[in-house]
Amino acid sequence: MSEFRNRRIRIVEFNVENLFVRLDLYSGQDLSSVTEKEWRKFSTSIYPNKPLEKLRKIASAVRDMDPDILMLCEVGGRESLENFNRLFLDNAYETHLIEGNSDRGIDIGYMVKRELPFTFELISYKDRPIDFLYPHEKLSKETGYGNLRSAQVSSHRFSRDVLELRVYESPGELPVLILLLTHLKSQLDRERIDPGGRDRRRAELEKLVEIYREIRGNFDHRVPVMVGGDFNGVAARIDMDPEFSALYEKTDLLDCLEIAGVPVDERFTFQQLHRTRPGVNRQLDYIFVPTELASRVNKEETWVYRFKDEAGQTQLIPRNLNEKLALPSDHYPVVLTLDPVADASQENH
């Protein structure tokens, strides 16, 4: 009997916003009595630790969602992930992270429940070229003029990574599930060479699709492959940003929230709030499911999680920047629940 097919599995994608938990000066103090000022002094890193109260709220949200597998964006490295798991989640998860290409130390990684009857393999694509150069770099390469580095580079790589997690029931057998996690190029364009980061993000998305198709081909579609992460744009079928078109043209992937019938106005995972003009709600975070798993999506237990207060009541959606800054993260998690297969013959192979 297959554990994967006969088990209820919950997967959560969560951008935890600068989850730095560096503790090189921590010596076992009771965190329940530590002040925020004392907490900040436990790290000598150039990246400040995430506020203690926000870490507690992130942990509370994780316990409330009760995921079997967490797909995390904006984690401050392996040390941060391990410290967060140990100090705030009672070490209930195994952590899986490979440092990626981020220029500000935010990586992607996984946490999986220790009690799961599976083994895992982690594969990074951080060194995979994305077949992309900015126009000025193409010109430098063609003419030999300009910055020497620009003239020599053949392609950029992912802004962070695509991190593959293979899930096995038995050693030596095929995986029962493969997850691809990514955090695509942001909309920041400090050098003013790619407005909104759109061209770089398109290249990263198209390379992600290529990796997805490559894996599907390697396993002859016998292994379901899911894709999740912070896409930094609207990758939903409705009102899709144009850089994501390959997702629907070249794959069989479906947004789990669309499968579950979540109303469009409830799918947002990020708010763009402004001091002088109305804010905009956008879905930037996704878990995409291949067609053979669509029938297993539990429509009642697949949703965008909203943070709760100390009394366990769902917090109101922020109305201004100050209220948004009080949240534990600037992104809301996406929760996907897969039901067991009632009749294995109904599942595609």
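**Close-up views of a predicted model**

View 1. Arginine 200 is buried, with a relative accessible area of 11%. The cut-off for buried is under 20%, so arginine 200 falls in that class. Like every view here, this one shows a predicted model. Arginine 200 belongs to helix H6, which covers residues 198–218. Leaving aside residues up to four places away in sequence, arginine 200 touches Ile130, Phe132, Tyr134, His156, Arg157, Phe158, Ser159, Lys185 and Asp194. Two of these names return below. Tyr134 is among the members of a 31-residue core. Lys185 is among the residues that lie nearest the centre of the largest pocket.

**View 2. The largest nonpolar core and its neighbour.** The largest nonpolar core holds 68 residues. Which of them touch the most other members? They are Ile11, Phe14, Trp39, Phe84, Leu179 and Met226. Helix H2 (residues 52–65) gives the most to this core, with 7 residues. In soluble globular proteins, nonpolar side chains tend to be buried together.

**View 3. Phenylalanine 14 and its contacts.** Phenylalanine 14 is one of the residues that touch the most other members of the largest core. With residues up to four places away in sequence set aside, its contacts are Ile58, Met65, Leu70, Met71, Leu72, Cys73, Phe307, Ser329, His331 and Pro333.

View 4. How many disulfides does a search of the whole structure find? The count is 0. Cysteine 73 is in no disulfide, and the nearest cysteine sulfur, that of cysteine 256, is 14 Å away. Cysteine 256 is likewise in no disulfide; its nearest cysteine sulfur is that of cysteine 73, at 14 Å. A disulfide needs the sulfur atoms within 2.5 Å. Are these cysteines buried or exposed? Cysteine 73 counts as buried because its relative accessibility is 0%. Cysteine 256 also counts as buried because its relative accessibility is 0%. Cysteine 73 is also one of the contacts of phenylalanine 14.

**View 5. The largest pocket.** The volume of the largest pocket is about 1,100 Å³. Its lining consists of 35 residues. Nearest its centre lie Arg160, Lys185, Ser186, Leu188 and Arg190.

**View 6. The largest cavity.** The structure holds 1 cavity of 30 Å³ or more. The largest cavity has a volume of about 50 Å³. Phe4, Ile9, Asp68, Ile69, Leu116, Phe118, Phe120, Val167 and Leu177 line it. By class, this lining has 8 nonpolar residues, 1 charged residue and no polar ones.

**View 7. Asparagine 298 in its loop.** Where does asparagine 298 lie? It sits in the loop between strand E12 (285–289) and strand E13 (303–304). Asparagine 298 counts as buried because its relative accessibility is 10%. In sequence, asparagine 298 and leucine 338 are 40 residues apart. In space, C-alpha to C-alpha, they are 5.7 Å apart. Asparagine 298 touches Thr337 and Asp339, not counting residues up to four places away in sequence.

Terms used. Residues are numbered from 1 along each chain as its sequence is written. This is a predicted model: local features need pLDDT of at least 70, side-chain atom pairs count only at pLDDT 80 or more; totals for chains, interfaces and linings use all residues. Side-chain values use heavy atoms; hydrogens and water are left out. A nonpolar core is a set of buried Ala, Val, Leu, Ile, Met, Phe, Trp, Tyr and Cys residues joined through side-chain atoms within 4.5 Å. Buried means under 20% relative accessible area, exposed over 50%, partly exposed in between (1.4 Å probe, protein chains only). Helices (H or I, at least four residues) and strands (E, at least two) are DSSP runs, numbered from the N terminus. Contact means heavy atoms within 4.5 Å. On a 1 Å grid over the protein atoms alone, a cavity is a set of points where a 1.4 Å probe fits but cannot get out, and a pocket is an open set with protein on both sides within 12 Å along at least five of seven lines; lining residues have an atom within 4 Å of a point. Grid points are joined across faces, edges and corners, and a volume is the space filled by probe spheres set on the points. Ala, Val, Leu, Ile, Met, Phe, Trp, Tyr, Cys and Pro count as nonpolar, Asp, Glu, Lys and Arg as charged, and the others, Gly among them, as polar.
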